[in-house]
Amino acid sequence: MATAGDIEILNHPLLPKVKNEQLSIPIEEMIAKFDRSSEHVWRPYQELICIRRVHEKLHKMTDPSSYAPLLVSIGPFHRGKESLKEMEECKLHYMSNVLNRTREEHNFDSIQRVFKNCVESIGKMEEKIRQSYSEPINLESKEFIEMMVVDGLFIIGIFQALTGTKLIDDKFLFHNIWAKNTLLWDLLLMENQIPMFVLERLFNLTAEKKKSKGVTFQGTALNLFKDNIELPRKINTVTKLQQGSLGEGNKNLLELVAKSMHPDPHPNNEMHVVQIHSSPFSMFTELTTMLKNALLQVFKYIIIFLSPTRSSCHKLSGSIIPSATELARAGVIFEIGPNDGSFLDVKFVDGVISIPRLVVGINTGRFFRNLIASEQYFDQNGSPYYMTSYAIFMDNLVSSAADVTLLRNQGIITHTLGTDDDVCNIFNKLCCDIYLKDDYYADIHKRVNIYYCDRWNFCKATLSSKYFDNPWSGISLAAGSLFLILSLIAVIIRLLEYIKPIKAA
């Protein structure tokens, strides 16, 4: 007979038959397991978490993985990988450079004092740092603190080396351009991060007193990325930092750079003043315009009545819009957007899509994937899912190499890849296994689809491409249309003349 501390499971249909034996599960052991696991189960819902792993399925979508570092490991997730061990000595080199800058004149003990302050300060934050990761870090306290201090001072040392004037003396970065570029992109991977508050604390503890006035770690980081790697759009870091939109609440370097590229709010406060003209000439002009519009409407409805309905319109809904070449056939015009804002500032007005220039390079897909993953794994606190929305928008526009060619000819896409097919593949693979909660371009998608499904717009584009590209074709079409209108008027007049005598009789 099972005791009170056990659960008896007898003759369960999914269990093998056991003769003269009882299968029991001790309650105390199960409750102990629940207690041990409860902390881990609820960790993903804590607000302190700022660094997560992506699912293994996402790692396997690209080879090599877009989420794994190629050169340097930062933090615990990729620590100890054989392919990244070579950089461990380089970390000590840059950490030493940072500490040497803090040395007071003829006082070597000052270096030791600063380093001790760094270790003690990070040690006091150990629990908070551990809670910043989405899973328990199986490192002893000493090893964990050492990792944070070394990795943090390494990042600061890299930034100082790239923003200083003596890079020629740097044995690693100056002689290896590929390594410099790859290292900076590695620092923008979602899994390859340490908390921002750790970096800021170490930066403040090791700052040169004479040069640190008004200098912040976040400003230094943004300026470095802006000047040394090809981001989708150069960022106006000084303005954004002064506005206070980037100075607080950033979890890590990836989020800092992501926020720097978010579009600014552009409230439309323009007042449209309607002027009333009462002169005879203006009244005649208005009447002429009304008559012209009336005739245009008649012609428009005739064309719409005769033209077939496109079967593709009923498939358009939500975040789905036609490709760039399909939209162009419907009369949509693509223009390069302004160069002084975010690359996310897409506009659609009266059949014209304005898209800021996008530079696509070998690391663009990798960077975009990490930005999208950051949005997918973290709550945006009411903000739109900017990068996820942009990826879906571009995936819709770019369905083939012909779409890339169209946008490239307009100056919207510039790329350093081999072919337009390569650019197309980047966008078509970005949206696998992603979910869109708050579409930033929802209104644009809606208005684009309304414009595309309007048969009059499609007819105008067809007439323009077939007849008005050639002036003689345009003249012949105008003459034929005028002849048709005059013939219809003549027929109407004849009918009226015929009907009138009948009524008189």
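## Helix α6 and L153

Helices here are DSSP runs of H or I with at least four residues, numbered from the N terminus. The model is predicted. L153 has its place in helix α6.

Helix α6 covers residues 141–163. Its 23 residues reach 33 Å from the first C-alpha to the last. That is close to the 33 Å expected at 1.5 Å a residue. How many residues of α6 are buried? The count is 18 of the 23, so the helix is largely enclosed by the rest of the structure.

L153 is itself buried, with a relative accessible area of 0%. Leaving aside neighbours within four places in sequence, L153 is in contact with Y94, M95, V98, L99, F115, L202 and T206. Take L202 from that list. L153 and L202 are 49 residues apart in sequence. In space, their C-alpha atoms are 6.8 Å apart.

## Aromatic pairs

The structure holds 14 aromatic pairs. Consider Y386 and Y440. Their ring centres are 4.9 Å apart, and their planes meet at 65 degrees. Angles over 60 degrees count as edge-to-face, so this pair is edge-to-face.

The pair links distant parts of the chain, 54 residues apart. Y386 is in helix α15 (residues 386–397). Y440 is in the loop between α17 (420–430) and α18 (442–453). Are the two residues buried or exposed? Y386 is buried, at 13% relative accessible area. Y440 counts as partly exposed, at 31%.

Aromatic residues also gather in a cluster. W185, F343, F367, F368 and Y390 form it.

## Charges over rings

Which residue has its charged end over the ring of F378? That residue is R52, and its charged end sits 5.1 Å from the ring centre.

A lysine is placed over a ring as well. K128 lies over the face of F197, at 4.3 Å from the ring centre.

## H78 in its loop

H78 lies in the loop between α2 (56–59) and α3 (87–101). Is H78 buried or exposed? At 3% relative accessibility, H78 counts as buried; the cut-off for buried is under 20%.

The side chain of H78 makes a polar contact with the side chain of K81, at 2.7 Å. Beyond residues up to four places away in sequence, H78 touches Y67, A68, P69, S73, L84, E191 and N192.

Notes: Residues are numbered from 1 along each chain as its sequence is written. This is a predicted model: local features need pLDDT of at least 70, side-chain atom pairs count only at pLDDT 80 or more; totals for chains, interfaces and linings use all residues. Side-chain values use heavy atoms; hydrogens and water are left out. Helices (H or I, at least four residues) and strands (E, at least two) are DSSP runs, numbered from the N terminus. The expected span of a helix is 1.5 Å times one less than its number of residues. Buried means under 20% relative accessible area, exposed over 50%, partly exposed in between (1.4 Å probe, protein chains only). Rings of Phe, Tyr and Trp (its six-membered ring) pair if their centres lie within 6.5 Å; planes under 30 degrees apart count as stacked, over 60 as edge-to-face and the rest as tilted. A charge sits over a ring if NZ of Lys or CZ of Arg is within 6 Å of the ring centre and within 35 degrees of the ring normal. A polar contact is a pair of N or O atoms within 3.5 Å; within protein, one must be able to donate a hydrogen and the other to accept it, and residues adjacent in sequence count only if both atoms are side-chain atoms. Contact means heavy atoms within 4.5 Å.
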